[in-house]
Amino acid sequence: MGLEWFVKSVDIENLINESKLIKIRSINFHYADYQKEGFFFAMASWAAKYFGVEMLAYEAFFDRGQNKYIFPLLEKGK
């Protein structure tokens with residue numbers, strides 16, 4: 001989903017001249033630290049670096065009460 005958000009938010013047609021297939025062969029993370037919301041933005045950030053464009057702005061903060069990061073952009077879609 002993070003890649004879809006990136007593609008919809010950036011003029012991707014000006015970045016590439018042919019279709020791209022992205023295969024993720026492995027992802028390494030500690031299961032206790034995993035948040036699907038964080039992975040969403042990690043993939044979007046990777047795509048921005050790969051295509052050499054500035055990462056789209058988003059807000060995130062750590063909520064100690066919930067012991068997790070909060071991403072308001074994704075909270076709106078719930």
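The following legends describe close-up views of a predicted protein model. Residues are numbered from 1 along each chain as its sequence is written, and side-chain values use heavy atoms, with hydrogens and water left out. Local features require pLDDT of at least 70 and side-chain atom pairs pLDDT 80 or more, whereas totals for chains, interfaces and linings use all residues.

**View 1. Secondary-structure elements of the protein.** The protein contains three helices and two strands, defined as DSSP runs (helices H or I, at least four residues; strands E, at least two) and numbered from the N terminus. Their order from the N terminus is α-α-β-β-α. Of the 78 residues, 21% are buried (under 20% relative accessible area, 1.4 Å probe, protein chains only).

**View 2. The largest nonpolar core.** A nonpolar core is a set of buried Ala, Val, Leu, Ile, Met, Phe, Trp, Tyr and Cys residues joined through side-chain atoms within 4.5 Å. The largest one has 10 residues, among them Val 10, Phe 40, Phe 51 and Phe 71. Helix H1 (2-9) and helix H2 (36-51) each give two or more residues to this core, and H2 supplies the largest share, six residues.

**View 3. The buried side of H1.** Gly 2, Trp 5 and Phe 6 are the buried residues shown in H1. They lie on the same side of H1 because they cover an arc of only 100° around the axis, taken from the directions from the helix axis to the C-beta atoms. Their cover includes H2 and helix H3 (72-75).

**View 4. Surroundings of Ala 44.** Leaving aside residues up to four places away in sequence, Ala 44 touches Gly 2, Trp 5, Phe 6 and Met 55 (contact: heavy atoms within 4.5 Å).

Notes:
Buried means under 20% relative accessible area, exposed over 50%, partly exposed in between (1.4 Å probe, protein chains only).
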